[in-house]
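Reader: I have not looked at this structure before. Please take me through it by question and answer.

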Amino acid sequence: MEDERKNGAYGTPQKYDPTFKGPIYNRNKPFLFYFNIVKCASPLVLLEFQCPTPQICVEKCPDRYLTYLNARNSRDFEYYKQFCVPGFKNNKGVAEVLRDGDCPAVLIPSKPLARRCFPAIHAHKGVLMVGNETTYEDGHGSRKNITDLVEGAKKANGVLEARQLAMRIFEDYTVSWYWIIIGLVIAMVMSLLFIILLRFLAGIMVWVMIIMVILVLGYGIFHCYMEYSRLRGEAGSDVSLVDLGFQTDFRVYLHLRQTWLAFMIILSILEVIIILLLIFLRKRILIAIALIKEASRAVGYVMCSMLYPLVTFFLLCLCIAYWASTAVFLSTSNEAVYKIFDDGPCPLTAKTCNPETFSSSNESRLCPNARCQFAFYGGESGYHRALLGLQIFNAFMFFWLANFVLALGQVTLAGAFASYYWALRKPDDLPAFPLFSAFGRALRYHTGSLAFGALILAIVQIIRVILEYLDQRLKAAENRFAKYLMTCLKCCFWCLEKFIKFLNRNAYIMIAIYGTNFCTSARNAFFLLMRNIIRVAVLDKVTDFLFLLGKLLIVGSVGILAFFFFTHRIRIVQDTAPPLNYYWVPILTVIIGSYLIAHGFFSVYGMCVDTLFLCFLEDLERNDGSAERPYFMSSTLKKLLNKTNKKVAES
């Protein structure tokens, strides 16, 4: 409101009185008046964040219905002039006044709401009315429905509420930003501590979780048996599920003995399966826990690896900036197309026009109220017809560069953690700067392999984008076969993308270990994992569980702490917490930021686990513990597998 008072109807600065804090024209004018509130329903509101119609400050809202044509030659014109732009002089024709926006075409009885003048719309016997009318004259000789005013008033009120909401959120950020940073630092420290403590607590957490699952299933079986026994003899409990049929109220099934018997059988089968898996996979679970503990030690010795996600984030920001700037340049490299717009009936509406000569052209004489406005960027040359292809190529290059950046990070981290595993005396044989050395090797020797892997993934991703585009274009079609085919293609390429990401990740680890090309590394990694598929599955599920537990612990703890702090429920720092309009603004920011931080830390830790796992499998297949080919695994893994190095045993 303050900005609107400092500017005139067209945003032009006004003269100020030194004794009054505000423009002279707006003194004692507390209400904002819209010339044509119907335009507030225009889609431009979403782009400009304001109604595309002149707005002035007035002393009071209009209390009567008047059109400019009727008021011009009547006693009401002096009253009408107070709703025209400041300094309006009646020295123009009617068409020129309305075309230039000097005065509104019509005044509608209005009431002030939040210092804005909104139409005084009321319902009479279920019919919307303004005054005593269900329609109104728009000032250009045609009558319109009251619902147009209702829609415009809703959009204007929505813009007002959106502005107020944005300002309040901005105010909350200005007074709480440093507390938000403190919350994110706490999340960072907790993530680091969780990873370090995994070397001591990983086994305890995994076994406690397995035992709890077994106990919960056992209690479920016991509860189902008790309910099955309780319903014995009750009327209607012996009805079979087939005889009962489908019921929308699922609580009906809980009164049948057969339902609880089915639940008990299902839970018993699950219990037996889990116990059998635990018996036969116990050693593999122990190996997975040992690898997770070893990964925690490796991260502790290569601590700077925790900061590498910042490098990846910075490089991804550069890729996004390059893609966005190129996309905007391509979108705006067309010729500006102007079209004729008119609120009234005009046969030339939507025709192209030239804004420089429009005022003196035949079009302006045929439609006096028409305007020549910018519509879009376009053209008919060969370059313009190729723009869609250029945008697709730009998106493809973005995917390629982004995947290359991610691949570079994976190879760098894999190289650093592989140097830890293949050090015979840990950590004495570890290089001085393993992360920087791995980064240099990746850029110097493996750029082509990384680019090739990123290219394969980018091709699949751009095909998925094209399929999504075609799916949006074909949504209106009623061809069921086309929809089915499109759904199948989208599903297949989604699965293909997931598989290529998995294959690329392990191929990059093999590149970091042996320095072979992409195809050789991908083949070796794939067959190595297939030969140890059960170990892969066990390790994957154990690490997924620990990562889920860690994210829930970190995000939940920091989120609860932020909630109690910003809602003034911690008495020790009750007066320290800033006053807020919406306490959920900093709380949500802290929760989302904590999740991203935990995800960044655990992505490094996950890369460490995968690298050590592949190194462990290679160690088992290539070495035999002799003096020439000793095992490089940790002593815990050797003890689990009953492996020893002969040289160590003899000494």
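Predicted model: local features only at pLDDT ≥ 70, side-chain atom pairs only at ≥ 80, totals over all residues.

Reader: Are α9 and α18 oblique or perpendicular to each other?
Author: Two packed helices are described by the angle between their axes and the distance between the axes. The axes of α9 (residues 282-301) and α18 (residues 533-566) come within 9 Å and cross at roughly 55°. Roughly perpendicular begins at 65 degrees, and roughly parallel ends under 35 degrees. The two helices, α9 and α18, are therefore oblique.

Reader: Is the crossing of α9 and α18 left-handed or right-handed?
Author: The angle of roughly 55° belongs to the axes of α9 and α18. As for its hand, the crossing of these two helices is right-handed.

Reader: What span from first C-alpha to last does helix α15 reach?
Author: Helix α15 covers residues 447-473, which is 27 residues. At 1.5 Å a residue, 39 Å is expected for α15. The model comes close to that, with α15 reaching 38 Å.

Reader: Which helices do the buried residues of α15 pack against?
Author: The buried residues of α15 include Leu450, Gly453, Ala454, Leu457 and Ile462. Gln461 and Asp471 are also among them. Their packing partners are α13 (387-421), α14 (434-445), α16 (480-514) and α17 (518-530).

Reader: Why does Ser449 count as buried, and which residues does it touch?
Author: Ser449 is found in helix α15. Its relative accessibility is 13%, and buried means under 20%, so Ser449 counts as buried. Leaving out residues up to four places away in sequence, Ser449 touches Tyr508, Ile511, Thr516, Asn517 and Phe518.

Reader: Which residues is Thr312 in contact with, leaving aside its neighbours within four places in sequence?
Author: Thr312 is found in helix α10, which runs over residues 308-332 and reaches 37 Å, close to the 36 Å expected. Tyr308, Cys319, Ala327 and Leu330 are buried in α10 along with Thr312. Thr312 itself has 13% relative accessibility. Beyond its sequence neighbours, Thr312 is in contact with Val405, Leu406 and Gly409.

Reader: Is Asn642 buried or exposed?
Author: Asn642 is found in the loop between α20 (635-641) and α21 (646-650). Its phi is near 60°, a positive value in a residue other than glycine. With a relative accessible area of 66%, against a cut-off of over 50%, Asn642 is exposed.

Reader: What distance separates the C-alpha atoms of Thr357 and Cys372?
Author: Thr357 is found in the loop between β11 (335-341) and α11 (362-366). Thr357 is partly exposed, at 41% relative accessible area. Cys372 is 15 residues away along the chain, and the two C-alpha atoms are separated by 9.7 Å.

Reader: What share of the residues of the chain count as buried?
Author: The chain has 21 helices and twelve strands. Among contacts with a separation of 6 or more, 68% join residues 24 or more positions apart. Of the 651 residues of the chain, the share that count as buried is 39%.

Terms used. Residues numbered from 1 in each chain as written. Heavy atoms only, no water. Axes fitted to C-alpha atoms, helices over the stretch in contact; angles between N-to-C directions. Helix = DSSP H or I, 4+ residues; strand = E, 2+ residues; numbered from the N terminus. Parallel < 35°, antiparallel > 145°, perpendicular 65-115°, else oblique. Left-handed = near helix turned anticlockwise from the far one by under 90°. Expected span 1.5 Å × (residues − 1). Buried < 20%, exposed > 50% of the residue type's maximum accessible area, 1.4 Å probe, protein only. Contact = heavy atoms within 4.5 Å.
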